[in-house]
Amino acid sequence: LLLIENIRKTHNCTIALTKSGPLTDILHEKKIKYFTFFPRRRKICQMIAYLLSKKIDIVYGNSFSNSSYIWLLAAKVLRIPYIWHIREMIDEKKTPYAFKRLKKAKIIIVVSCAVQNRIINQILLLIPSNIILYREK
């Protein structure tokens, strides 16, 4: 929420959530625009249409989930920059496609030096300047 509140100071934000829950109550209370939509590959045309209709200029994914990846694909079709916030240690053995997906992001935000080092060491072609270490206080 701190990240959203800081971005809202200079940008117009709309949050896409996969389902309603406690976070939607907080967003409603803070008057932050949001909508619920569960991304699926078959819905990618709807997602692209939404990004076009709202004139979205950047897309941000909050986890290394399949939902975030599908938003990345929609953004890539429209050549919209995608920022990916990685909060977990990614195991390439369990998700062999993980690092190929990460390479598609314009910027990667990580929550720890360990996650940052793993990504830099595993993705040989990724320039470390594309990775930002961000820790909420």
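This note goes through several side-chain and pocket features of a predicted model.

1. Aromatic pairs. Counting rings whose centres lie within 6.5 Å, the model has 5 aromatic pairs. One of these joins Phe-64 and Trp-84: the ring centres are 5.2 Å apart and the planes meet at 25°, so the pair is stacked. The cut-off behind that word is an angle under 30 degrees. Phe-64 belongs to the loop between β3 (59-61) and α4 (66-77), while Trp-84 belongs to strand β4 (residues 82-86). The two are 20 residues apart, and the pair links distant parts of the chain. Both Phe-64 and Trp-84 are buried.

2. The aromatic cluster. Which residues do ring pairs link into a cluster? They are Phe-35, Phe-37, Tyr-50 and Trp-71. Of these, Trp-71 is in helix α4. Its relative accessibility is 11%, so Trp-71 counts as buried, the limit being under 20%. The C-alpha atom of Trp-71 is 11 Å from that of Thr-18, although 53 residues separate them along the chain.

3. Charges over rings. Phe-37, a member of the cluster, has Lys-43 over its face, at 5.3 Å from the ring centre. A second case involves Arg-101, whose charged end sits over the ring of Tyr-69, 3.7 Å from the centre of that ring.

4. The largest pocket. How much space lies in the largest pocket? The volume is about 1,400 Å³. The pocket is lined by 44 residues, and those closest to its centre are Thr-14, Ile-15, Ala-16, Tyr-60 and Gly-61. Elements giving two or more residues to the lining are the helices α1 (2-8), α2 (22-29), α3 (44-53) and α4, together with the strands β1 (14-17), β2 (33-36), β3 and β4. By residue type, the lining divides into 24 nonpolar, 13 polar and 7 charged.

5. Ser-68. This residue is in helix α4. Is Ser-68 buried or exposed? With 8% relative accessibility, Ser-68 counts as buried. Its side chain reaches the backbone oxygen of Ser-63, at 3.0 Å.

6. Pro-22. In helix α2 lies Pro-22, and its relative accessible area of 67% makes it exposed, since exposed means over 50%. The C-alpha atoms of Pro-22 and Tyr-97 are separated by 32 Å, and the two residues are 75 apart along the chain.

7. Positive phi angles. Most residues other than glycine have a negative phi. Two residues deserve a look here. Lys-55 is not a glycine, yet its phi is positive, about 55°. Where is Lys-55 found? It is in the loop between α3 and β3, and at 71% relative accessibility Lys-55 counts as exposed. Arg-79, also not a glycine, has a positive phi of about 60°. Arg-79 lies in the loop between α4 and β4, and is exposed, with a relative accessible area of 77%.

8. Helix α4 in review. Ser-68 is buried at 8%, and Trp-71 is buried at 11%. Helix α4 is also among the elements that give two or more residues to the pocket lining. The loop that holds Phe-64 lies between β3 and this helix, and the loop that holds Arg-79 lies between this helix and β4.

Technical notes. Residues numbered from 1 in each chain as written. Predicted model: local features only at pLDDT ≥ 70, side-chain atom pairs only at ≥ 80, totals over all residues. Heavy atoms only, no water. Phe/Tyr/Trp six-rings, centres within 6.5 Å; stacked < 30°, edge-to-face > 60°. Helix = DSSP H or I, 4+ residues; strand = E, 2+ residues; numbered from the N terminus. Buried < 20%, exposed > 50% of the residue type's maximum accessible area, 1.4 Å probe, protein only. Lys NZ or Arg CZ within 6 Å of the ring centre and 35° of its normal. 1 Å grid on protein atoms, 1.4 Å probe; cavity = no way out; pocket = protein on both sides within 12 Å on 5 of 7 lines; lining within 4 Å. Points joined across faces, edges and corners; volume = space filled by probe spheres on them. Nonpolar A, V, L, I, M, F, W, Y, C, P; charged D, E, K, R; others polar. Polar contact = N/O pair within 3.5 Å; in protein donor to acceptor, adjacent residues only side chain to side chain.
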